[in-house]
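Subject: Handover of a structure and findings

Dear colleague,

Please find below the structure that I am handing over to you. I would be grateful if you could look through it before reading my notes.

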Amino acid sequence: MSELRTARLLLRPWQESDLEPWAAMNADPEIRRYLGDLLTREESDATVARMRADFAARGFGWWALESLETGEFLGRAGLDVVKGLPVKGVDVGWRLKRSAWGNGYATEAALACLTFAFETLGLTEVVAMTKVANLRSQAVMRRLGMTHDPADDFEDTTSPEGPLRPCVMFRTSRLPEGDHRPSEVR
């Protein structure tokens, strides 16, 4: 499994020590606000098992996100094949613990993922999706240079009726200007 390094972050394979802080994130109503129900510890652990298996099978997926300065687990970032939605392609995404919000980590990690997608995997397009109400994630998508066409928006029928159904989708077929390459890919 590859690792990516940026100026401040390590995107790395999941470790057993990540399970507890990941479960805490999945039990936090503010973090899960646009994702749906809170997860039990068992459900949270099962997501890590799936992420590990997907990465092993495809050679890409969700990396655990760690601060290079402190070694602290910050969340996850990565690439995933879109499944179960009326959208096709590979999705770039991120989820950070609340104390990591507002520091530019999501943008930094996502840029490393996009570089990996285009330069290592040879993808020609990457998408990003979120709920209509999730303006913070949409701001990250814009910072990434992704574009939004309202014709691409959709209803997430895997969510219950209500505010979590309407979704926006952004796309990009290139990296934003500047050198955003990870300092190291292993």
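**The chain as a whole**

Please bear in mind that this is a predicted model. The protein chain contains 4 helices and 10 strands, and their order along the sequence is β-β-α-α-β-β-β-α-β-α-β-β-β-β.

As to overall dimensions, the C-alpha trace spans about 40 × 40 × 35 Å along its principal axes. The radius of gyration of the protein chain is 16 Å, which agrees with the value near 16 Å that a compact globule of 186 residues would have. Of the 186 residues, 49% are buried. Among contacts with a separation of 6 or more, 63% are made by residues 24 or more positions apart.

The accessible surface of the protein chain comes to about 9200 Å², and carbon and sulfur atoms account for 51% of that surface.

**Helix α4**

Which residues of helix α4 are buried? In this helix, which covers residues 135–143, they are S137, Q138, V140 and M141. Viewed down the axis of α4, these buried residues fall within an arc of 155°, so they line one face of the helix.

Just after α4, G145 adopts a positive phi of about 85°.

**Q138, within α4**

Q138 is one of the buried residues of α4. Its relative accessibility is 7%, and because buried means under 20%, Q138 counts as buried. Leaving aside residues up to four places away in sequence, Q138 touches T130, K131, V132, V168 and F170. The C-alpha atom of Q138 is separated by 9.3 Å from that of H148, which is 10 residues apart from Q138 along the chain.

Is T172 buried or exposed? T172 counts as buried, at 4% relative accessibility. Residues up to four places away in sequence again being left out, T172 touches L114, F118, T124, E125, V126, G145 and M146. One of these contacts, G145, is the residue with the positive phi just after α4. Between the C-alpha atoms of T172 and A128, 44 residues apart along the chain, the separation is 8.7 Å.

**S67, in strand β3**

S67 is placed in strand β3, which covers residues 62–67. With a relative accessible area of 7%, S67 is buried. What does S67 touch, not counting residues up to four places away in sequence? The residues concerned are R8, E72 and L74. The C-alpha atoms of S67 and A100 are 33 residues apart along the chain and are separated by 9.6 Å.

With kind regards

Technical notes
Residues numbered from 1 in each chain as written. Predicted model: local features only at pLDDT ≥ 70, side-chain atom pairs only at ≥ 80, totals over all residues. Heavy atoms only, no water. Buried < 20%, exposed > 50% of the residue type's maximum accessible area, 1.4 Å probe, protein only. Helix = DSSP H or I, 4+ residues; strand = E, 2+ residues; numbered from the N terminus. Arc of directions from axis to C-beta. Rg over C-alpha atoms; globule rule 2.2 N^0.38 Å. Contact = heavy atoms within 4.5 Å. Areas by Shrake-Rupley, 256 points an atom, 1.4 Å probe, with all protein chains shown as cover.
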